[in-house]
Amino acid sequence: MAEWFAGRISDFDHERRNTIEVNGREVVVLRNNGRFYALENNCLHMGGPVGEGMLMGKVEAVLTEDKRCLGDRFSEEEIHIVCPWHGWEYDIDTGEFAGDRKRRLRRYDVTTRGDEVYVQT
Ligand code: FES
């Protein structure tokens, strides 16, 4: 297993992100609700910088027991990053493209040691 230094924990304060190179691929490292994530930074659509996108909960329908729709809400469990070029959304936990779950960005495990953050391959 190899590890790639991604920055100090404080580098990710205020929703800042770091982009590093891992085995020749651009990878964005981010923190959300205290947990770190690392994803390939090239959108599957046209190569846009996914890591510059906003984070938002998956939009999901609120249904009654008889399947009537009461409206939409933002998920608190599944968080998406939205590519800033044309809006493709990816699950930050799995890298899955929300429009086709068979397609995904490469994701990486992230670990911390002391104040340092590492991407693992
Ligand atoms: S390049 Fe990302 S949505 Fe088009």
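Trainee: In which loop is Lys67 found?

Mentor: This is a predicted model, in which local features need pLDDT of at least 70 and side-chain atom pairs count only at pLDDT 80 or more, while totals for chains, interfaces and linings use all residues. Residues are numbered from 1 along each chain as its sequence is written, and side-chain values use heavy atoms, with hydrogens and water left out. Strands (E, at least two residues) and helices (H or I, at least four) are DSSP runs numbered from the N terminus. On that basis, Lys67 is found in the loop between strand E5 (54-63) and E6.

Trainee: What is the value of phi at Lys67, and is the residue buried or exposed?

Mentor: Most residues other than glycine have a negative phi. Lys67 is a residue other than glycine with a positive phi, near 70°. Buried means under 20% relative accessible area, exposed over 50%, and partly exposed in between, with a 1.4 Å probe and protein chains only. Lys67 has 62% relative accessibility and therefore counts as exposed.

Trainee: Where does His14 lie, and what is its phi?

Mentor: His14 lies in the loop between E1 and strand E2 (18-22). Its relative accessibility is 74%, so His14 counts as exposed. The phi of His14, a residue other than glycine, is positive, with a value near 60°.

Trainee: How many helices and strands does the protein chain have?

Mentor: Read along the sequence, the pattern of the protein chain is β-β-β-β-β-β-β-β-β-β-β. The C-alpha trace spans about 50 × 30 × 25 Å along its principal axes. The count is 0 helices and 11 strands.

Trainee: What percentage of the contacts with a separation of 6 or more is between residues 24 or more positions apart?

Mentor: Contact means heavy atoms within 4.5 Å. In the protein chain, whose 121 residues are 36% buried, the contacts considered are those with a separation of 6 or more. Residues 24 or more positions apart account for 46% of them.

Trainee: Which residues does Glu3 touch, not counting residues up to four places away in sequence?

Mentor: Glu3 is found in strand E1 and is partly exposed, with a relative accessible area of 30%. The C-alpha atoms of Glu3 and Val110 are 8.9 Å apart in space, although the two residues are 107 residues apart in sequence. With that exclusion, Glu3 touches Thr111, Arg113, Tyr118, Val119 and Gln120.

Trainee: How many aromatic pairs are there, and why is the pair of Phe5 and Tyr118 edge-to-face?

Mentor: Rings of Phe, Tyr and Trp (its six-membered ring) pair if their centres lie within 6.5 Å; planes under 30 degrees apart count as stacked, over 60 as edge-to-face and the rest as tilted. A search of the whole structure finds 4 aromatic pairs. The ring centres of Phe5 and Tyr118 are 5.7 Å apart and their planes are at 65°, so this pair is edge-to-face.

Trainee: How many residues apart are Phe5 and Tyr118?

Mentor: Phe5 is partly exposed, with a relative accessible area of 43%, whereas Tyr118 is buried at 13%. Phe5 is in strand E1 (residues 3-8) and Tyr118 in strand E11 (residues 116-120), so that the pair links distant parts of the chain, 113 residues apart.

Trainee: Why is the pair of Tyr90 and Phe97 tilted, and which residues form the cluster?

Mentor: The ring centres of Tyr90 and Phe97 are 5.8 Å apart and their planes are at 45°, so the pair is tilted. Both Tyr90 and Phe97 are buried. The cluster linked by ring pairs consists of Trp88, Tyr90 and Phe97.

Trainee: Which ring does the charged end of Arg113 sit over?

Mentor: A charge sits over a ring if NZ of Lys or CZ of Arg is within 6 Å of the ring centre and within 35 degrees of the ring normal. The charged end of Arg113 is 4.4 Å from the centre of the ring in question, that of Tyr118.

Trainee: How far apart are the C-alpha atoms of Val27 and Val119?

Mentor: Val27 is found in strand E3 (residues 25-32) and is buried, with a relative accessible area of 0%. Val27 and Val119 are 92 residues apart along the chain, and their C-alpha atoms are separated by 9.1 Å.
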